[in-house]
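Please look over the model shown here. The report covers its packing.

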Amino acid sequence: MAPHQEIEIKFCIAAAGALGRRLRASGFRLLTKRTHEINTVYDFAGSPLRKRGELLRLRKYGPQWLLTHKAKSTTGRHKSRVETETRIADGAKMHGILLALGLAPTFRYEKFRAEWSDGQGHVVIDETPIGIFGEIEGPPRWIDRTARELRIGRADYITQSYAELFFEWKARNRSRAKEMTFRAVSPKRTTH
C-alpha cells in the first residue's frame, strides 16, 4: 500500500452501543465487526525511532498481518502523519526478520476494533484494556463535521497515541503493567 497522510483524532466512549446507533443514524455502515487486534512496536537499541517520533509496528488484525511505519506526527486540532503500511503473509517470520535486523519489541498493546465508514472517512470503536476509545480518520473538515454529528466536542479530541494514553493511565492508576494487554491490565482499575 502506498504511503498516505493519516489525519485523525481519538475520543473517549462511555457506551459503544450508543455510538454504534448514532453512526447508523448518520449514514455509516459497519465494515468490520468487533475483531481482536494485537500490536507490537519495534525499535533499535537506544530507541532512535521513538526519539525521532516514528513508529514501526507489526499488527495482527483477525487473521491478517500488517507492517506499518508512521513518520513523525504534527499535532494541532488533529494528529497528522505519513503512514506506510503493507500486508504480511507470515507475522512470525516478519518478527524474525525484524529481530535479525537488530530491532526488538518495545511495547505491545491490544484491543477489539470495529470499523465504520460513510465512504469519505472511517470511525473505529476500540475496546482497550484501559477503556473504550473511538477514532475518526479522514479529511480535517470531515473529521470535525463527523465529530459534531456524533456529539463529540473539540474539547474531547485526543491526539495522543495508545502508548501515551497507556502510560498516563498507568501513572494515574499506579499500575505495574508493562504493556497494554488485557492480561497485563486489570479492567477493574481502569479510568479514562
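Predicted model: local features only at pLDDT ≥ 70, side-chain atom pairs only at ≥ 80, totals over all residues.

Residues are numbered from 1 along each chain as its sequence is written, and side-chain values use heavy atoms, with hydrogens and water left out.

**Cores**

A nonpolar core here is a set of buried Ala, Val, Leu, Ile, Met, Phe, Trp, Tyr and Cys residues joined through side-chain atoms within 4.5 Å. Buried means under 20% relative accessible area, exposed over 50%, and partly exposed in between (1.4 Å probe, protein chains only). The largest nonpolar core has 18 residues. Leu23, Val123 and Ile136 touch the most other members. Two or more residues come from each of β1, α1, β7 (104-117), β8 and α4. Helices (H or I, at least four residues) and strands (E, at least two) are DSSP runs, numbered from the N terminus.

Contact means heavy atoms within 4.5 Å. Leaving aside neighbours within four places in sequence, Leu23 contacts Phe28, Trp116, Val123, Ile125 and Leu150. Another core lies apart from the largest one. Its 14 residues include Ile130, Ile158, Phe166 and Met180.

Helix α3 spans residues 91-100, and its buried residues are Gly91, Met94 and Leu98. They cover an arc of only 60 degrees around the axis, so they sit on the same side of α3. The arc is that of the directions from the helix axis to the C-beta atoms. The face turned away from the buried side carries exposed Ala92, Lys93 and Ala100. The buried residues of α3 pack against β2, β3 (55-61), β4 (64-70) and β6 (79-88). At the start of α3, a side-chain oxygen of Asp90 reaches to within 3.0 Å of the backbone nitrogen of Ala92. Gly102 follows α3, with a positive phi near 100 degrees.

Helix α4 spans residues 140-149. Trp142, Ile143, Asp144, Thr146 and Ala147 are its buried residues. They pack against β1 (4-12), β8 (122-128) and β9 (131-137). Arg151 follows α4, and its phi is positive, near 65 degrees.

**Leu49**

Leu49 is found in helix α2 (residues 48-51). Leu49 is buried, at a relative accessible area of 8%. Beyond its neighbours within four places in sequence, Leu49 contacts Tyr42, Asp43, Glu54, Leu56 and Leu103. The C-alpha atoms of Leu49 and Ala71 are separated by 9.2 Å, and these residues are 22 apart along the chain.

**Aromatic rings**

Rings of Phe, Tyr and Trp (its six-membered ring) pair if their centres lie within 6.5 Å; planes under 30 degrees apart count as stacked, over 60 as edge-to-face and the rest as tilted. By this rule the count is 9 aromatic pairs. Two of these pairs are tabulated.

| Pair | Centre to centre | Angle between planes | Class |
|---|---|---|---|
| Phe28 and Trp142 | 6.1 Å | 55 degrees | tilted |
| Phe133 and Tyr162 | 5.8 Å | 75 degrees | edge-to-face |

Phe133 lies in strand β9 and Tyr162 in helix α5 (residues 162-173), 29 residues apart. Both Phe133 and Tyr162 are buried. Ring pairs link Phe107, Tyr109, Phe133, Tyr162, Phe166, Phe167 and Trp169 into a cluster. Both Phe28 and Trp142 are buried as well.

How values were computed: Polar contact = N/O pair within 3.5 Å; in protein donor to acceptor, adjacent residues only side chain to side chain.
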